[in-house]
Amino acid sequence: MVTASARFLPRADLDRLFTALTADGRRVVGPTVVDGSIVHDELASFAELPKGWTAETAPGAYRLQPTGRDRLFDYNVGATSWKRFTHPSIVPLTRGRRDGNQVVVEAVEIDPPKLAFVGVRACEIAALRIQDRAMRAGPLGDADHIARGDAALVVAVECAVAASTCFCTSMGTGPEIDGGADIILSELDEGFVVRTGTDAGADVVDRLGLGPAESLQSDRAARQVGAVRAAIGDPVPAEGLATRLRAALDHPRWAEVADRCLACANCTLVCPTCFCTSVAVASDLDGVEGTTDRTWDSCFSQGFGRVAGDANFRPKVKDRYRQWLTHKFSTWWDQFGSTGCVGCGRCIAWCPVGIDVREELNAIAPIGAPSGPIPWPLSPIEGRAPAPLATVEPAAHVTATVRSVSFETVDTATLELVLDDPALLGSRPGQFVMVELPGFAIPPISISRIRPDGLNLTIRSVGPATAALVNLATGAEVSLRGPLGRGWPIEAAYGRDVVIVAGGIGLAPIRPLIDAILAERPKFGAIRLYLGARTPRDRLFVAEMNALAGRTDLEIEEIVDRAGPEWQGKVGIVTQLFDHAPWDGTRATAFMCGPERMMTATANTLEHRGVTDENCWLTLERNMACGVGTCGHCQLGPFFVCRDGPVFSLAELGSAFGLEGL
Amino acid sequence: MRAMTETLCALLTQTWFAADMPEDICERLSAIGELKEYPAGAAVVSEGTTCRELGVILHGRIALRLALPGVGEQTILTIDDGDLFGWSALLPESIATSTGVTLVPTTALVFDREPLAALMAANPEIASAIYPRVLVAVTRRLQATRTQLLDLYRAGHEPW
């Protein structure tokens with residue numbers, strides 16, 4: 001809603017705008033010169049705006065230069081973006097207390113400041129929208145981000161100059177402003193052409209009592225921004241870029257750019273749309289009180305893709321650069337229906353080694369590049385995002401009480417938890433929960449049994465948090481958040497044979513699936529369970545699996561990787577259990593869970609047995625820090641594993657499954 | 001004699017080893033085979049010794065083991081119906097690389113290395129039918145070894 005009737009604010013009257021913006025207690029944030037660069041900071045008055053300065057930028061270079069003019073906005077974008085205020089680098093999430101057996105975890109109340117953002121450019125408006133869309137997606141969204149964005153008033157300024165690093169024209173995000181702002185200013189030498197975009201903006205402008213802008217003034221403003229467009233040109237042809245890029249996942253340039261890239265994460269920190277975060281946990285010395293904060297992180301961080309078992313899905317700089325670039329320009333479309341880049345050029349200017357994303361894109365995915373295999377067909381978010389199979393909205397911070405702890409192996413225990421939360425009791429097989437003890441990291445744990453009065457969690461002790469969990473006493477409390485993720489599509493196997501393959505701790509998320517299938521046994525054909533474990537001592541739910549072996553309406557076989565002479569069962573890899581089995585895979589729906597390498601081998605064997613990709617379901621392990629698709633850790637191509645999975649069909653994953661470095 | 005060969009061939013084709021093997025090759029192979037029955041706990045192959053026989057398990061299970069000083073014998077793989085044991089018999093050195101011990105009473109069709117080598121040398125079509133099946137056995141050994149090397153199911157030390 002941009003008003004057609006523009007008004008004019010004389011330069012001498014600009015302070016009246018400041019007064020109007022702050023009249024209702026709003027604080028003003030805008031550009032100002034600090035330590036030789038233009039940054040966004042709280043302003044005491046408009047006298048702090050960067051009057052007479054422009055910024056010359058180039059790959060790896062940023063220098064302020066005097067313009068000799070009185071203009072306030074003769075630069076393009078500052079070093080910092082507005083996400084500093086809508087998506088701060090540190091946000092308190094929870095405060096927890098552990099008092100004996102009792103655990104209380106509460107979300108920190110959100111109290112967003114009322115801010116007016118002054119000087120927001122077209123590309124930055126696009127960035128605010130893009131990040132907002134990302135933070136509103138998923139089952140819960142990011143409440144802090146949403147509240148801060150909703151509380152902000154945006155006073156935009158159309159660009160009057162073009163930096164050498166700008167490419168908003170290619171990304172379709174500027175330089176003209178046609179919405180997304182409450183007030184839009186176009187700076188001329190004598191003052192500002194003022195338009196309003198929202199009722200809130202109109203309220204502020206109405207208080208200024210401005211006269212209409214002359215048509216010549218409006219024309220000059222339009223010509224000014226038109227000249228900016230012409231100066232920028234079209235440095236990155238965006239048509240088809242998303243598809244070209246995903247067809248170039250094995251391009252040699254990834255390794256070449258990785259040789260130059262320092263993986264310093266500057267590009268992601270200055271990027272106005274990058275939203276990846278981690279959860280920082282702190283505890284007092286006696287372990288009674290704990291806090292969690294959401295902190296900025298980056299997909300360039302060495303440990304960003306790390307998961308249990310010392311595995312790291314993106315160990316090389318090459319992997320991480322590819323992740324960043326393909327996310328921005330390709331898979332962002334799948335997730336959020338738009339580009340993830342707004343062409344502000346910050347990543348170019350602030351890269352210490354001067355890597356120019358435009359140059360890399362044109363080298364890796366130029367127009368007319370021979371097309372390689374495309375791992376995922378490009379589709380808008382509405383068409384692709386698999387609908388969560390959860391029937392209820394996940395709960396936040398539900399307290400559950402430990403009824404019993406049963407050690408399955410020397411390092412793995414099952415916690416039988418009692419709780420009364422309807423959402424958690426409505427969990428589906430294959431879903432997971434975030435389990436919190438104040439002061440400890442918060443692991444995602446698969447639900448290993450869904451009972452009428454609670455949940456079972458089977459946890460392997462691999463670090464301080466999981467060690468604390470498996471050592472809880474009867475009557476102790478834990479805090480749960482969930483159920484999260486998509487569960488197993490049990491209905492997809494109705495009327496069909498079922499093949500279940502589980503390896504190691506992977507049997508835990510498989511067990512509720514077995515429970516559910518056996519609860520509706522007549523709806524399925526033959527049921528075959530194949531279980532793998534490291535050694536005979538590492539097998540889970542041994543008594544229960546032995547009991548299943550006594551049933552006549554299913555087949556169950558197990559195998560271990562290694563064993564002593566006392567073991568009379570099978571030794572080898574799990575696929576050995578069925579690679580020559582006589583059943584017909586075309587009639588089967590398969591479900592599997594285990595280490596990814598085990599699952600790739602299993603998928604290959606199942607394919608040879610005739611099980612189609614559409615009928616082959618698996619649950620993936622990734623670093624799931626938030627559980628709702630807003631922290632970015634668990635991204636796999638177009639998917640957030642926590643939100644879109646962790647259960648996927650092979651058909652959904654395409655060639656992303658098992659691809660190194662994704 | 002002919003009847004025995006047909007019986008052995010019929011038993012062999014019930015396993016994956018010969019399920020899709022041409023009938024004439026199966027019969028010519030079976031003609032030089034010997035049906036052996038092993039009680040549980042029998043050593044069918046011994047690591048480091050000359051391997052004189054290639055066998056196909058018709059029914060049963062054999063554990064392939066390596067002796068580790070200070071640890072004892074460790075089972076690295078078990079093989080079942082249709083699987084091969086003693087494929088070292090096809091190699092010039094014929095030294096067995098592991099010890100094969102039956103875990104249950106096991107029936108196998110066993111081929112002495114000299115007649116088998118002679119049959120394959122004289123009949124390339126038989127050799128070309130057997131070697132891919134031997135490769136399946138070797139591949140399984142490799143896969144099992146790789147899996148054990150990777151130790152896929154191990155737990156690492158984690159922040160959580």
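In strand 6 of chain B, Gly55(B) has Phe85(B) as its bridge partner. (Strands, E runs of at least two residues, and helices, H or I runs of at least four, are DSSP runs numbered from the N terminus.) This is a predicted model, where local features need pLDDT of at least 70 and side-chain atom pairs count only at pLDDT 80 or more, while totals for chains, interfaces and linings use all residues. Residues are numbered from 1 along each chain as its sequence is written, and chains are lettered from A and ligands numbered from 1 in the order in which they are written.

Back to that bridge: strand 3 (residues 53–59) and strand 6 of chain B run antiparallel and are joined by 2 bridges, and at least two bridges found by DSSP is what it takes for strands to pair. The whole open sheet has 4 strands in the order 1-8-3-6, with antiparallel pairing. Strand 1 (33–38) and strand 6 (84–85) of chain B sit at the edges with a single partner strand each, so one side of each has no neighbour in the sheet.

Helix 1 (residues 2–13) of chain B packs on this sheet, touching strand 1, strand 3 and strand 8 (106–112), and its direction makes about 115 degrees with that of strand 8. Contact here means C-beta atoms, placed from the backbone, within 7 Å. Angles run from 0 to 180 degrees between N-to-C directions, using axes fitted to C-alpha atoms, for helices over the stretch in contact. Helix 3 (residues 113–122) of chain B lies across strand 3 and strand 8, at about 65 degrees to strand 8.

Elsewhere in chain B, the axes of helix 2 (residues 23–30) and helix 4 (residues 124–150) come within 10 Å and cross at roughly 90 degrees. The two helices are therefore roughly perpendicular, a label for angles of 65 to 115 degrees. Ile25(B), Arg28(B) and Leu29(B) in helix 2 meet Glu125(B), Ile126(B) and Ala129(B) in helix 4.

As for how the chains meet, 32 residues of chain A are in contact with 27 residues of chain B. On the chain A side, helix 16 (464–470), strand 24 (570–571) and helix 19 (596–608) each supply at least two residues.

Chain A has a mean pLDDT of 91, with 95% of its residues reaching 70 or more; pLDDT is the predictor's confidence in each residue, from 0 to 100. Over residues 380–392 of chain A, though, the pLDDT is below 50, and this stretch has 25 contacts in the model beyond near neighbours in sequence.

Technical notes:
Contact = placed C-beta atoms within 7 Å. Parallel < 35°, antiparallel > 145°, perpendicular 65-115°, else oblique.
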